Amino acid sequence: MYSSPQPSAAPTASPDEFRAALSQLASGVTLVTAHDPEDGEDVGMTATSFLSVSLEPPLVLISVREDSRMDELLARTDTWAVSLLAEQQRTLASRFAMKGRLSDRLLFADTPHHRGPHSGAPLIDGALATVECRTEQRIPAGDHTLVLGRVLEATVPDPSGRPLLYFRSAYRQLG
Ligand SMILES: Cc1cc2nc3c(=O)[nH]c(=O)nc-3n(C[C@H](O)[C@H](O)[C@H](O)COP(=O)(O)O)c2cc1C
């Protein structure tokens, strides 16, 4: 009788395999932002893990690295925002992605923005779209936290703008 081959130990892709495969997915680039009510500072994080989840109610999902400043802040405050970046905002994206050496305060001082009326979070001027959210659920997932947010307000300040993309480990624009 035929018996299908049994998998040996549960297979797990190596980090290199995983990165190489997932780098083939082209994504839009966002800036996730939040305001810290305790020290009055704004925090921003470049993120490609942003997903539209549900229309009614309107829900989105972000994935935030555990122990990052943003993860720590979103454990304490439940409102945040996402700005969908335009192709001319590449420098902004790369600066907010390597903050080890740069403070959020200096980065925001250099980044034109206004405050979201519902979230208190910075909304980036010149973004293609912005969404303000309130956390519905936090789900631990490996070395990240999935944060499911209800969309409080969504705007499209620049309907004819062009998106910033990330593909094969580099920022790109539509051809
Ligand atoms: C293109 C790109 C996409 C990124 N996407 C995410 C993401 O979805 N989630 C995340 O936690 N970090 C993401 N990062 C990394 C964060 O931007 C970076 O680790 C963070 O801003 C550093 O903040 P910290 O020094 O305060 O921890 C991304 C980086 C780049 C360059």
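The model is predicted, so local features need pLDDT of at least 70 and side-chain atom pairs count only at pLDDT 80 or more, while totals for chains, interfaces and linings use all residues. Residues are numbered from 1 along each chain as its sequence is written, and side-chain values use heavy atoms, leaving out hydrogens and water.

T130 belongs to strand 9. Helices (H or I, at least four residues) and strands (E, at least two) are DSSP runs, numbered from the N terminus. The side chain of T130 makes a polar contact with the side chain of T155, at 2.6 Å. A polar contact is a pair of N or O atoms within 3.5 Å; within protein, one must be able to donate a hydrogen and the other to accept it, and residues adjacent in sequence count only if both atoms are side-chain atoms.

**The cores**

The largest nonpolar core has 17 residues, and I62, V64, M70, L74 and W80 have the most contacts inside it. Such a core is a set of buried Ala, Val, Leu, Ile, Met, Phe, Trp, Tyr and Cys residues joined through side-chain atoms within 4.5 Å. Among the elements that each supply at least two residues of this core are strand 2 (30-35), helix 2 (69-74) and strand 10 (144-155). Another core, of 11 residues, lies apart from it and includes V29, A93, L164 and Y171.

**Around the ligand**

The ligand sits in the largest pocket. Of the 16 residues around the ligand (a heavy atom within 4 Å), T46, S49, S63, R65 and F96 come nearest. Strand 3, strand 5 and helix 3 (90-97) each supply at least two residues of this shell.

| Protein atom | Ligand atom | Distance |
|---|---|---|
| T48, polar backbone atom | nitrogen | 3.1 Å |
| S49, polar side-chain atom | oxygen | 2.8 Å |
| S63, backbone N or O atom | nitrogen | 2.8 Å |

Taken alone, the ligand exposes 640 Å², and the protein buries 79% of that (Shrake-Rupley method, 1.4 Å probe).

**One last residue**

L51 is found in strand 4 (residues 50-54) and is partly exposed, with a relative accessible area of 46%. The C-alpha atoms of L51 and L61 are separated by 5.1 Å, with the two residues 10 apart along the chain.

How values were computed. Buried means under 20% relative accessible area, exposed over 50%, partly exposed in between (1.4 Å probe, protein chains only). On a 1 Å grid over the protein atoms alone, a cavity is a set of points where a 1.4 Å probe fits but cannot get out, and a pocket is an open set with protein on both sides within 12 Å along at least five of seven lines; lining residues have an atom within 4 Å of a point. A molecule sits in a cavity or pocket if more than half of its atoms lie within 2 Å of its grid points.
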